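Q: Can you walk me through this structure? I'd like to start with the overall picture and then go into details.

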Amino acid sequence: YDMDVTRLEEAFSDKTKAVMIAHSLGNPFNLEAVKAFCDKHGLWLVEDNCDALGSEYTIDGVTKKTGTWGHIGTSSFYPPHHMTMGEGGAVYTDDSELDKIVRSFRDWGRDCWCMGGVDNTCKCRFTGKFGELPAGYDHKYVYSHFGFNLKVTDMQAAIGCAQLEKLDYIVVSRRRNFKILREGLEGTEGLILPEPM
């Protein structure tokens, strides 16, 4: 029930910059084929990992968690997913440039990547010249593009951290529930229910 990787080349054009695909219903897509396609064409790979948090995938003998094979992984913490904080989600990457870009979009499009409460991480808070702004203008208040205010509350983060400690148990429970449902429904594939009266 995942995407047909044989159609990737057909979908590719000179406008293609990234591939974003969901691991549907806990079933990882063919990461090996999609990653090879992205590598071949120099594309970003974004894994929508909302339904597969905790799943693993092996390529060339290396096993990693889904969401960590691409350049960016995303997870939703909306109630039906593995973990919930009521709302919200996470974006994760091990690429320092993408990390700065993601943090900027999360924080109103702010150009500065200084962490809240930590002063002058970027080393240019009051030393740069930014467009038509006066020299020495505080870099923390330079906005280079549109962004959003996408920070979770401390309470939501605390709930997420508590669930993160139980993630392995949550994954095992979901797999057990799937097995029970799958076995319980075996033999009903062709069953046609009568129309309601």
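Q: What radius of gyration does the chain have, and what would a compact globule of 197 residues have?
A: The chain has 22 Å, whereas a compact globule of 197 residues would have a radius of gyration near 16 Å. The radius is taken over C-alpha atoms, and the globule rule is 2.2 Å times the number of residues to the power 0.38.

Q: Where do these coordinates come from?
A: This is a predicted model, in which local features need pLDDT of at least 70 and side-chain atom pairs count only at pLDDT 80 or more, while totals for chains, interfaces and linings use all residues. Residues are numbered from 1 along each chain as its sequence is written, and side-chain values use heavy atoms, with hydrogens and water left out.

Q: How big a box do the C-alpha atoms fill?
A: Roughly 75 × 45 × 45 Å, taken along the principal axes.

Q: How many helices and strands are there?
A: The chain has 5 helices and 6 strands. These are DSSP runs numbered from the N terminus: helices are H or I with at least four residues, strands are E with at least two. From the N terminus on, the order is α-β-α-β-β-β-β-β-α-α-α.

Q: How much of the chain is buried?
A: Of its 197 residues, 31% count as buried. Buried means under 20% relative accessible area, exposed means over 50%, and partly exposed is in between (1.4 Å probe, protein chains only).

Q: Ok, helix 2. Which residues are buried there?
A: Leu31, Val34, Phe37 and Cys38. Seen down the axis of helix 2, these buried residues fall within an arc of 135°, so they line one face of the helix. The arc is that of the directions from the helix axis to the C-beta atoms.

Q: What covers them?
A: The cover of the buried residues of helix 2 includes helix 1, strand 1, strand 2 (44-48) and strand 3 (56-59).

Q: How many aromatic pairs does the structure hold?
A: It holds 1 aromatic pair. The ring centres of phenylalanine 12 and phenylalanine 37 are 6.0 Å apart and the planes are at 85°, so the pair is edge-to-face. Rings of Phe, Tyr and Trp (its six-membered ring) pair if their centres lie within 6.5 Å; planes under 30 degrees apart count as stacked, over 60 as edge-to-face and the rest as tilted.

Q: New topic: what is the phi of leucine 25?
A: Phi of leucine 25 is near 50°, a positive value in a residue other than glycine. Most residues other than glycine have a negative phi. Leucine 25 lies in the loop between strand 1 and helix 2 and is exposed, at 71% relative accessible area.

Q: And aspartate 60, what about its phi?
A: Aspartate 60 also has a positive phi, of about 50°, and is not a glycine. Its place is the loop between strand 3 and strand 4 (62-65), and it counts as exposed at 70% relative accessibility.

Methods:
Contact means heavy atoms within 4.5 Å.
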